[in-house]
Amino acid sequence: MGPQRKSKILGCSPGYLAFTIIGMGIAVDVAAFCEVSLIPFKQTSLVRAKLASHSGAIPLKPLATPFLQSRSGAPGAPPLKAQGLPTTERKLDQAERDFAEGRLDAALAECLRAIALDPNSAHAYYVLGVIQVAFNAHEEAKQALLQSVKLDPFQAASHLYLAKLYLREKNWQAAENGFRAALRLGEATGAASYGLALALIAEPRYRDALPHLLAAFRANPKDPEILFTLVAVQLHLKNSIDAASHMTRLEVLSHRNPWVFFRLGKLLQLNGMTKQADAKFERATVLLAETKERPPTDVNLSELYLQMARITFNRQDYFATLKYLGRLNHRTLDAALQSVALSLEGSVFLAVGRAAESQAKLRQAAEENTDNPDSLVLLIWANILAGDIKAAIANADVARAKWPNDPNLQGILAIVEREQAPERLRIPPSADWHLKGEGLVCCPCKVPCPCRSNGLPTYRHCENTGVMRITEGHYANVRLDGLVFSIMGDIMNPQVMPTNLYVSRSATDDELIALERIFQSFNPLHPWMFLNATRTELSFVSSPKTKAYEVNIPQLLQIKIQRQFDTKGKPLMATAALDYFSNTLEYARNEVYKAWNPDGSVRWDYSGRQANYRTIDVGFRDYQERRMLIQFADGSGYFNTNQLELVKSLRLPTLTNYPQPRK
């Protein structure tokens with residue numbers, strides 16, 4: 001190593017290494033912490049003496065004055081004596097020059113000659129200790145520094161670097177004693193304060209470490225490593241206001257450094273601040289694209305890509321998730337993160353309709369995470385969507401045997417049982433489909449309905465009903481021409497699919513199975529089936545002349561709406577909207593919207609509230625290629641970035657005003 005080598009940890013000089021966070025503790029990698037640069041014994045006119053840089057490394061500056069003066073100012077120190085014969089000094093001068101130019105063997109030889117000439121030179125043993133550290137001979141370095149302290153216990157520099165070596169050995173008490181000794185001897189650059197804080201953190205004694213961290217920060221207010229450590233300790237101590245202030249300072253100081261933001265993201269994530277952590281990970285990713293520097297050795301880019309895959313997956317931006325997952329190097333991840341990556345890969349393949357690829361990843365994830373029933377549930381669902389009913393049955397048997405009383409398994413086990421029916425085996429999951437027709441939806445919201453622009457219901461509840469008439473359509477080989485169906489439930493929540501289906505009495509079993517398969521493709525990540533499918537007298541009547549639509553299910557439902565047009569015959573209030581069957585709809589006049597309970601009492605009457613109409617022309621490819629606005633629903637209050645991009649690319653109509661997001 002060369003004495004001028006820069007640390008790539010946080011873009012500052014070598015010394016204290018940035019933290020690796022483990023649980024709620026902070027573990028320090030002290031490899032760089034023990035790196036030192038020798039200071040020549042004699043002072044020149046070009047530089048002033050300084051014991052150590054803020055990072056714990058001694059720069060290539062004269063050593064004589066700090067080594068001697070730190071002793072002379074120490075309480076109770078005896079009068080200074082000659083630190084060596086002139087010949088010894090010349091040997092040490094030459095050793096320092098050799099060290100500075102990277103000639104470590106020559107430096108070691110000269111230093112040993114100096115010791116042979118004067119075996120009582122504390123400074124010579126100090127220089128020997130520094131050189132041995134450069135050789136990674138840490139035990140020999142420690143013995144040399146112990147000898148330096150023995151010969152002259154009033155040298156702060158020897159105590160400082162000896163304490164560093166104890167820190168490397170995880171001998172926290174000895175390290176603490178050494179740093180305290182350096183402080184008593186007047187070490188005021190912040191290096192001993194920071195080292196003492198690290199030793200206390202490692203024990204762990206966070207509250208005791210905080211004042212020493214603050215002292216180190218006051219001595220070195222622009223040191224990113226000290227700032228990061230200070231933020232970590234303040235977050236751990238729940239001192240969120242001061243932590244936020246110092247974090248802002250760190251971000252300003254390192255505003256172009258992706259590795260700082262990556263570490264801050266991990267730190268915030270471990271403190272349960274997920275939203276703030278995600279913002280740091282995203283900033284790190286942006287900066288990473290702008291830098292040509294290689295990452296520090298302790299930074300695993302695959303971890304950052306995995307974090308971004310998780311963030312984009314949670315936003316339902318699955319193509320972005322696939323992009324980040326494609327950059328992963330699984331071999332660089334630990335076992336726990338490999339399991340997370342496999343589960344995420346399997347999930348995103350499932351979400352984009354690639355069930356066969358999903359099976360392989362989810363199978364690996366389930367094998368590595370045998371104590372998590374959710375992993376097995378998702379694998380069974382992938383088996384079903386991939387048409388591998390034998391694998392689904394086998395995995396269901398494993399789940400039933402391992403978790404016989406888990407209520408969360410009952411749904412997927414019921415689906416597996418039902419999928420074994422011969423009539424269902426004839427109609428494969430994940431097949432191609434396409435529908436054309438028209439439909440209407442009523443709900444109690446105001447107009448325009450906030451749910452349709454990615455918001456929450458006006459009144460925080462949404463008893464909605466949709467009725468669709470398919471004029472032309474198919475699922476696999478099953479024709480769906482003329483099928484009319486009604487769905488009642490939370491049909492605007494992409495995480496909660498409707499469970500109640502009503503169809504006309506003429507609907508066949510194959511049509512019902514095909515319709516369920518279509519609904520399953522809307523959100524393939526969630527195992528789902530119609531819990532109640534009822535054949536009934538369902539009428540759907542429209543008047544081409546008046547543009548009125550009327551739906552009736554005797555003793556259950558009555559809907560009547562009126563489409564509205566301008567003088568040129570164009571629909572009023574046509575807009576982009578979140579919907580399973582269309583990306584656009586037009587608001588209509590709600591004349592009647594009533595529902596009844598089985599005993600004849602009124603279930604609800606939302607006549608005069610919101611109603612809308614849509615033309616249906618949608619298919620499997622629209623969902624596979626992520627072209628539906630509802631696929632990016634997150635309830636954030638208004639169309640999000642992905643949805644606005646779709647609105648623009650598909651040239652969808654928009655309204656002048658939409659409901660404002662709730663604060």
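User: How do the axes of helix H10 and helix H12 run, roughly parallel or roughly perpendicular?

Analyst: In this predicted model, the axes of H10 (residues 224–236) and H12 (residues 258–270) come within 11 Å. They cross at roughly 10°. Angles under 35 degrees count as roughly parallel. H10 and H12 are therefore roughly parallel.

User: Which residues of H12 meet H10?

Analyst: H10 brings Phe228, Val231, Ala232 and Leu235 to the contact. The residues of this contact divide into 7 nonpolar, no polar and 1 charged. On the H12 side, the residues are Arg263, Leu264, Leu267 and Leu268.

User: How much space lies in the largest cavity?

Analyst: The structure holds 3 cavities of 30 Å³ or more. The largest cavity is lined by 25 residues. Its space is about 270 Å³.

User: Which helix supplies the largest share of the lining of the largest cavity?

Analyst: Helix H16 (335–351), helix H22 (509–522) and helix H23 (620–624) each supply at least two residues of this lining. Ala351, Ser521, Phe522, Asn523 and Pro524 lie nearest the cavity centre. The largest share is 4 residues, and it comes from H22.

User: How many residues of the lining of the largest cavity are charged?

Analyst: The lining of the largest cavity includes 14 nonpolar residues. Another 8 are polar. The charged residues number 3.

User: Which residues lie nearest the centre of the largest pocket?

Analyst: About 330 Å³ of space lies in the largest pocket. Its lining has 14 residues. Nearest the centre are Val377, Ile412, His526, Pro527 and Trp528.

User: Which helix gives the largest share of the lining of the largest pocket?

Analyst: Helix H18 (373–385) and helix H20 (410–419) each supply at least two lining residues. By class, the pocket lining has 9 nonpolar, 5 polar and no charged residues. The largest share, 3 residues, comes from H20.

User: What kind of aromatic pair do Trp433 and Phe522 form?

Analyst: The structure holds 23 aromatic pairs. In the pair of Trp433 and Phe522, the ring centres are 6.1 Å apart and the planes stand at 75°. Planes over 60 degrees apart count as edge-to-face. The pair is therefore edge-to-face.

User: How many residues apart are Trp433 and Phe522?

Analyst: This pair links distant parts of the chain. Trp433 is in strand S3 (residues 433–443), while Phe522 is in helix H22. Their separation is 89 residues.

User: Where is Pro204, and what is omega for the peptide bond that joins Glu203 and Pro204?

Analyst: Pro204 sits in the loop between helix H8 (191–202) and helix H9 (206–219). Most peptide bonds are trans. The bond joining Glu203 and Pro204 is cis, with omega of about -5°.

User: What is omega for the cis peptide bond that joins Val447 and Pro448?

Analyst: Pro448 lies in the loop between S3 and strand S4 (464–475). A cis peptide bond joins Val447 to Pro448. Its omega is about 0°.

User: What is the phi of Lys170?

Analyst: Lys170 is placed in the loop between helix H6 (156–168) and helix H7 (172–184). Most residues other than glycine have a negative phi. Lys170 is not a glycine, yet its phi is positive, about 60°.

Technical notes. Residues numbered from 1 in each chain as written. Predicted model: local features only at pLDDT ≥ 70, side-chain atom pairs only at ≥ 80, totals over all residues. Heavy atoms only, no water. Axes fitted to C-alpha atoms, helices over the stretch in contact; angles between N-to-C directions. Parallel < 35°, antiparallel > 145°, perpendicular 65-115°, else oblique. Contact = heavy atoms within 4.5 Å. Nonpolar A, V, L, I, M, F, W, Y, C, P; charged D, E, K, R; others polar. 1 Å grid on protein atoms, 1.4 Å probe; cavity = no way out; pocket = protein on both sides within 12 Å on 5 of 7 lines; lining within 4 Å. Points joined across faces, edges and corners; volume = space filled by probe spheres on them. Phe/Tyr/Trp six-rings, centres within 6.5 Å; stacked < 30°, edge-to-face > 60°.
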